[in-house]
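Let's take a friendly look at aromatic contacts and pockets in one protein model.

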Amino acid sequence: MTDILNIPTAKPYPFAFPPGRTALVIIDMQRDFIEPGGFGEALGNDVAPLAALVPHVRRLLDGCRAAGLTIIHTREAHEPDLSDCPPAKRLRGSSDLRIGDFGPMGRILVKGEPGNAIVDDLAPLADEIVIDKPGKGAFYATHLGDILAERGITHLLFAGVTTEVCVQTTMREANDRGFECLLVEDATESYFPAFKQATLEMIRAQGAIVGWTAEVDEVVGALAR
């Protein structure tokens, strides 16, 4: 594998990255957001588009694993006593079910509950990093920054859900910390298609103000060269 790989068709212009210093960050591919009966559906959303995303993320994950990239999974998760969940976060929304309440897959967004698990098809391997995050961004109140620094990571590839909330928040946090970031377009999804499209455009606006975007085939193709 070469020291620097390139995705010439990335937007808004080619994205170059060193695979040895690049990590794939998969955001919140959890049952609570993706499967029927979870928190996403309780909020009134159609979860089918997020469920359809899983094979695309798996193809990206397989390509990154084969290339030896650092793999990081995140879960939005709270302590059982909700001590790390601000009341304002818990009380928002129109659903009768809220964070910490019992739903069809256990207590919603609580560590260790069935619904809080990453979907089976994307289950982390034993040597992959899993970050439990109490906020939308993966850097807030976690050790993610330290983990990336210890591994010498400078470039991040992003996938997961939802595009405009947890994915974009984490990508903006990473950008502010000096990481070069690329969002994989067909490996991320929103309950609201217009929100996803707006996020993609915001990220790559003004010459990649937050970062780049590309599709799974483009990323996997670059890794395989």
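Phe15 and Phe17 are both buried, meaning under 20% relative accessible area with a 1.4 Å probe and protein chains only (exposed is over 50%, partly exposed in between). This is a predicted model, where local features need pLDDT of at least 70, side-chain atom pairs count only at pLDDT 80 or more, and totals for chains, interfaces and linings use all residues. Residues are numbered from 1 along each chain as its sequence is written, and side-chain values use heavy atoms, without hydrogens and water.

Rings of Phe, Tyr and Trp (its six-membered ring) pair if their centres lie within 6.5 Å; planes under 30 degrees apart are stacked, over 60 edge-to-face, and the rest tilted. That rule gives five aromatic pairs, including these:

| Pair | Centre to centre | Between planes | Type |
|---|---|---|---|
| Phe15 and Phe17 | 5.7 Å | 25° | stacked |
| Phe139 and Phe179 | 6.2 Å | 35° | tilted |

Phe139 and Phe179 sit 40 residues apart, so to speak linking distant parts of the chain, and both are buried. Tyr13, Phe15, Phe17 and Trp212 make up one aromatic cluster.Now for the open space. A pocket is found on a 1 Å grid over the protein atoms alone, as an open set of points where a 1.4 Å probe fits, with protein on both sides within 12 Å along at least five of seven lines; lining residues have an atom within 4 Å of a point. The largest pocket is lined by 23 residues, and Phe39, Leu43, Glu76, Lys136 and Val165 lie nearest its centre.

How values were computed: Helix = DSSP H or I, 4+ residues; strand = E, 2+ residues; numbered from the N terminus.
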